[in-house]
Amino acid sequence: MTVNPSRAARRKMVSWIFTGACMLATGVALIALMLILWSLLTQGLSGINLDIFTKDTSAGGLRNAIVGSIMMCLVAMVFSVIIGVLAGTWLAEIGGNTRYGHTVRFLNDVLLSAPSILVGVFVSTILVNPFGGASGWAGAVALAILATPVVTRTTEDILNLQPSSLREASMALGASQFITIRRVIWKAAGAGLLTGGLLGFARISGETAPLLHTAGDNQFMHEPLWDIFGMMSNQNASLPVMMYNFALSPFEEANKLAWAGAVLLAFAVLGINVLGRWLAREKKM
Amino acid sequence: MSAPRPAVSTDQIPVRRDVLDPIFRYVAFSAATLLLAVLGGLIVALLIGGWPALAKFGPSFFFSTTWDPVREVFGAAGPIVGTVVSSALALAMALPIALGIAIFLTQFCPRVIAQPIAIMTELLAGIPSIVYGMWGLFVFAPWFAKHIQTPLSGLGGLFAGVPNGANIFTASVILAVMILPYMAAVFRELFRSIPPQVREAAFGMGATPFEAVTRVLIPYVQKGLVGAVMLGFGRALGETMAVTFIIGNSHNFPTSLFSSSSTLASTIANEFGEASGMHSSALIALGLVLFLITFAVLALARWLLSSQRY
């Protein structure tokens with residue numbers, strides 16, 4: 001067999017060009033990330049001051065939007081952690097291998113990447129129009145529908161990672177399935193379940209589209225703060241919806257507030273994501 | 001799966017186990033069923049809400065480009081084409097880059113820096129869509145209008161349009177950046193799932209890295225790659241806020257790369273709040289169309305990805 005030197009050289013060169021192209025692609029993605037972070041820092045950081053946290057949007061702050069966002073996300077997370085962990089447990093421990101189980105898993109995956117605006121339209125037709133207007137509850141339900149599939153998915157994944165010897169040991173000691181799951185499996189998977197919750201939280205805290213037509217907007221914060229039912233029953237401001245309205249406003253002051261909100265939101269979401277990944281670091285998720 | 005019953009006499013077993021187990025199974029089953037019920041409810045709500053518009057306009061709803069809330073005449077062809085074209089353009093831009101990232105990280109990159117780079121690209125996925133929208137509106141669109149669109153506008157044809165940066169092309173660029181990390185992450189998982197012997201065998205035959213990747217590794221995970229591409233496409237189709245900010249929101253049929261347009265999702269986001277009657281029904285019908293398109297794409301993606309098992 002003879003080796004044609006020019007052909008070998010050409011093949012090598014093609015390979016080098018290919019490697020270079022792959023590096024270039026990675027560079028493009030990293031540059032995009034840098035450009036966005038740079039804009040956030042240069043445009044938004046100057047707008048961040050104490051007033052943001054102490055004044056309402058009517059007075060040039062973001063207090064009502066921040067409080068509204070946190071409230072709706074927390075209420076949504078209460079729903080979706082309960083339902084998502086139970087559904088994920090059912091898929092991993094009880095009925096995941098049945099035909100019905102496969103259907104649930106498949107449709108959960110579909111729901112996981114369904115367009116969020118449709119969830120907003122859906123909740124708006126069942127919870128806003130019949131009940132006389134937008135409310136924090138409707139917003140929280142829309143967010144819960146988006147977060148639950150994330151929690152379900154991570155719960156199932158993390159429970160499947162638990163060694164079956166754990167279950168066998170528990171059952172050999174005479175524990176029932178419920179006790180096994182509650183006292184052994186959920187406990188062993190604790191950090192992973194928390195990660196699922198955090199990833200769900202990160203997913204919904206930046207969502208605008210489902211809130212636009214469900215939670216409405218509000219220039220003021222509901223007083224007093226501990227009247228949670230009162231706050232959630234009214235139209236409720238949120239950081240993303242406020243950003244949407246203010247970014248499209250012709251006034252520079254409003255745009256500036258929107259950028260300040262963008263910085264808060266982006267770094268909060270990135271922080272939650274990083275925290276979730278850090279908790280899951282040894283679980284290989 | 002039911003618990004194996006240990007061989008002890010029944011009087012030693014606490015009564016609770018027989019009571020709590022079925023209740024727990026029932027509750028967990030209900031939670032799983034609730035997920036299905038939500039999806040079912042979503043479809044039914046879209047069908048009921050969109051029916052008046054679909055019944056009134058019939059097939060012309062899908063082919064007409066008239067979108068006139070004042071005269072209450074609605075045709076969805078503009079938004080449908082805008083959605084598909086902007087998503088397809090985004091896919092065409094994101095695919096080579098995502099593939100390049102995945103190949104670089106799994107094949108060429110030293111392990112020490114592969115992990116940090118992977119995390120950084122995944123951070124792109126964590127940035128909220130509204131922030132992409134604002135970045136597009138305030139930073140990218142003006143830059144694009146000044147440095148690319150204005151010099152090219154003299155060419156006409158594909159490059160014709162109002163040089164304000166709010167058009168179908170800039171929307172696609174933002175979309176591409178948004179779906180990039182998702183696609184890169186799935187690609188990376190796929191390349192990692194290939195047994196090392198396959199790669200070693202390719203090199204053992206004397207293949208260069210380029211030949212190993214294009215002739216052995218990529219064909220090996222072909223189906224999964226197509227699935228990941230569909231997943232990215234599904235995401236791009238339903239993306240709302242970023243597109244709403246930058247696509248220009250015109251219901252006309254897009255005639256060039258730089259003409260302003262609208263998508264199904266952006267039209268709903270813009271108009272649903274103020275709509276009533278037939279207008280609202282037409283918007284929900286748009287939602288139904290969007291749901292059917294994304295459902296088909298996502299179902300295909302999941303099917304392709306789940307059949308990629310070795």
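Reader: How far apart are the end C-alpha atoms of residues 117-145 of chain B?

Author: Let's start with a general idea: an α-helix has 3.6 residues a turn, so residues three or four places apart point the same way. Now the case here, in a predicted model: the end C-alpha atoms of residues 117-145 of chain B are 31 Å apart, and the span is 93% helix and 0% strand. UniProt, in an unreviewed entry, lists 117-145 of chain B among its "transmembrane region" features, and 165-187 is another one of them. For residues 165-187 of chain B, the ends lie 32 Å apart, with 87% helix and 0% strand.

Reader: Okay, and why is helix H11 of chain B largely enclosed by the rest of the structure?

Author: Count its buried residues: six of the eight in H11 (residues 264-271) are buried, so the helix is largely enclosed. Those are B:Leu264, B:Ala265, B:Ser266, B:Thr267, B:Ile268 and B:Ala269. Their packing partners come from both chains, including H5 (116-128) of chain A and H12 (277-306) of chain B.

Reader: How many residues do the chains bring to their contact?

Author: In general, the size of an interface is often given as the accessible area lost when the parts come together. Here we can count residues instead: 69 of chain A are in contact with 70 of chain B. Helix H1 (residues 5-44) gives the most to chain A's side, with 18 residues. That side splits into 46 nonpolar, 19 polar and four charged residues.

Reader: At what angle do helices H4 and H6 of chain A pack?

Author: About 130°, with their axes 8 Å apart.

Methods:
Residues are numbered from 1 along each chain as its sequence is written. Chains are lettered from A and ligands numbered from 1 in the order in which they are written. This is a predicted model: local features need pLDDT of at least 70, side-chain atom pairs count only at pLDDT 80 or more; totals for chains, interfaces and linings use all residues. UniProt positions are given in the numbering used here, feature names are shortened, and annotations may be inferred rather than shown by experiment. Helices (H or I, at least four residues) and strands (E, at least two) are DSSP runs, numbered from the N terminus. A residue is buried if 20 or more other C-beta atoms lie within 10 Å of its own, exposed if 12 or fewer, and partly exposed in between; C-beta atoms are placed from the backbone. Two residues are in contact if their C-beta atoms, placed from the backbone, lie within 7 Å. Ala, Val, Leu, Ile, Met, Phe, Trp, Tyr, Cys and Pro count as nonpolar, Asp, Glu, Lys and Arg as charged, and the others, Gly among them, as polar. Axes are lines fitted to C-alpha atoms, for helices over the stretch in contact, and angles run from 0 to 180 degrees between N-to-C directions.
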